[in-house]
Amino acid sequence: DHSMLRHMLVLTALTLGGLQGFAHAASFPGGSEGGAPLNLEQGHPGQEPGASADIGNTSIQALTAGSGGVIYAGSFGMGIFRSADRGGSWTSANQGLTDPFVLCLTTGKDGAIYAGTFRGGVFRSRDGGKIWQPVNKGLKRLEIKALMMDAKGLYAGTGDGVYLLNAAQDQWKVVSTGLDEILVHALARTDDGTLYAGTSGKGVHSYKERSTGWTRLRQGLRDHEGLVENFIRVLAVDKEQGVYAGTFDGGVFRSGDAGKTWSPISRALPNDSIRGLISNERGVYVATGRGIFKTVDKGRQWVPLNKGLSNLSVQVLIEGEKGGFYAGTSSGVFRSDDDGLTWTAVSQGLEGESVAPFKFN
């Protein structure tokens, strides 16, 4: 029985959500927003609803590549790990990190690494992950779901809209009005300087410089059953400046007109929970709750890329060197060196200490 299952999920979620700030999941998002189902990931990111994390394994939510084969992995509960050899072996890299629930990672042009956490805000390391320092001046909410680096600097998607880090003052400033108190899960930017924000429950918004605030893209992401998807998890841009939006459980949409209209392109995908989205010259790749898929024809066909991927619950997908990818799953990291055709587990050392070295405030 569907409603019974959902009721059980809510109870499970509320138990798990003892963490903190569970109000947005418990308040049934989507009652009025086009019937979006309850999304437990909001309270407990990265869990497939109703599935528990693999016992004894580390759930990897975030990945970023440094230079020379260095990779950083952010976990849900065990902090940050660093590998100097493309994932061959990992060591814990948590000094100064006060929140072990890492939701996003990115690398700056100067080589600094930034980590966004569930309740501790943003941390930066300038020494390859040895020491982390909080960078939170100016932030109203410390739940950081997305970090994006572009020519202007570092953007953060937070529980209170989108912020830009002013490098000179090391202080965050809100980008513009219109997303107050809205949780932003995803960020993207097109070549004309337009920013896109994927939100939790309020669809996609865009912002052009010197315009009056963020604009909600009202046409909406309507799937083939006519439902509007308002819970956006990931965004990406292709070389034609088309914008892709991956949703929590409604599949993938593409807009070729700067977000005015959206087409569902994932009817042929076996799973609609989209956790990663990459567009490059070889195609569009999506990571789902049931593996990784690629399309070269804007979604008419999706080819599975799961050979060797022993855990199909993928949480994050990034590009590595030339035709390579790294995938973070609920049981560690996998690497592909052949454009996703085959995957190798690279999780040695990701177990971490038996007691996480964190002080919970």
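Which residues have the most contacts inside the largest nonpolar core? The legends below begin with that core and refer to a predicted model.

**View 1. The largest nonpolar core of the predicted model.** This core comprises 14 residues, and those with the most contacts inside it are Y155, V162, V175, L187 and W214. Two or more residues are contributed to the core by each of the strands β9 (144-150), β11 (161-166), β13 (184-189) and β14 (195-199).

**View 2. The surroundings of L187.** L187, which is among the residues with the most contacts inside the largest nonpolar core, touches A146, M148, Y155, A156, G157, V162, Y196, A197 and L235 when residues up to four places away in sequence are not counted. Two of these neighbours, Y155 and V162, are likewise listed among the residues with the most contacts inside that core.

**View 3. The aromatic pair of F76 and F101.** Five aromatic pairs are found in a search of the whole structure, and one of them joins F76 to F101 in an edge-to-face arrangement, with 4.7 Å from centre to centre and 70° between the planes. The pair links distant parts of the chain, since F76 is placed in the loop between β2 (71-75) and β3 (80-83), while F101 belongs to the loop between β4 (91-92) and β5 (102-107), 25 residues apart. Both F76 and F101 are buried, and together with F118 they form one aromatic cluster.

**View 4. The tilted aromatic pair of Y285 and F325.** The ring centres of Y285 and F325 lie 4.7 Å apart and their planes meet at 50°, so this pair is classed as tilted; the angle falls between the limits of 30 degrees for stacked and 60 for edge-to-face. Because Y285 is in strand β24 (residues 283-288) and F325 is in strand β28 (residues 325-329), the pair ties together parts that are 40 residues apart in sequence. Y285 counts as buried at 1% relative accessibility, and F325 is also buried, with a relative accessible area of 1%.

View 5. Among contacts in the chain with a separation of 6 or more, 45% are accounted for by residues 24 or more positions apart.

Methods:
Residues are numbered from 1 along each chain as its sequence is written. This is a predicted model: local features need pLDDT of at least 70, side-chain atom pairs count only at pLDDT 80 or more; totals for chains, interfaces and linings use all residues. Side-chain values use heavy atoms; hydrogens and water are left out. Rings of Phe, Tyr and Trp (its six-membered ring) pair if their centres lie within 6.5 Å; planes under 30 degrees apart count as stacked, over 60 as edge-to-face and the rest as tilted. Helices (H or I, at least four residues) and strands (E, at least two) are DSSP runs, numbered from the N terminus. Buried means under 20% relative accessible area, exposed over 50%, partly exposed in between (1.4 Å probe, protein chains only). Contact means heavy atoms within 4.5 Å. A nonpolar core is a set of buried Ala, Val, Leu, Ile, Met, Phe, Trp, Tyr and Cys residues joined through side-chain atoms within 4.5 Å.
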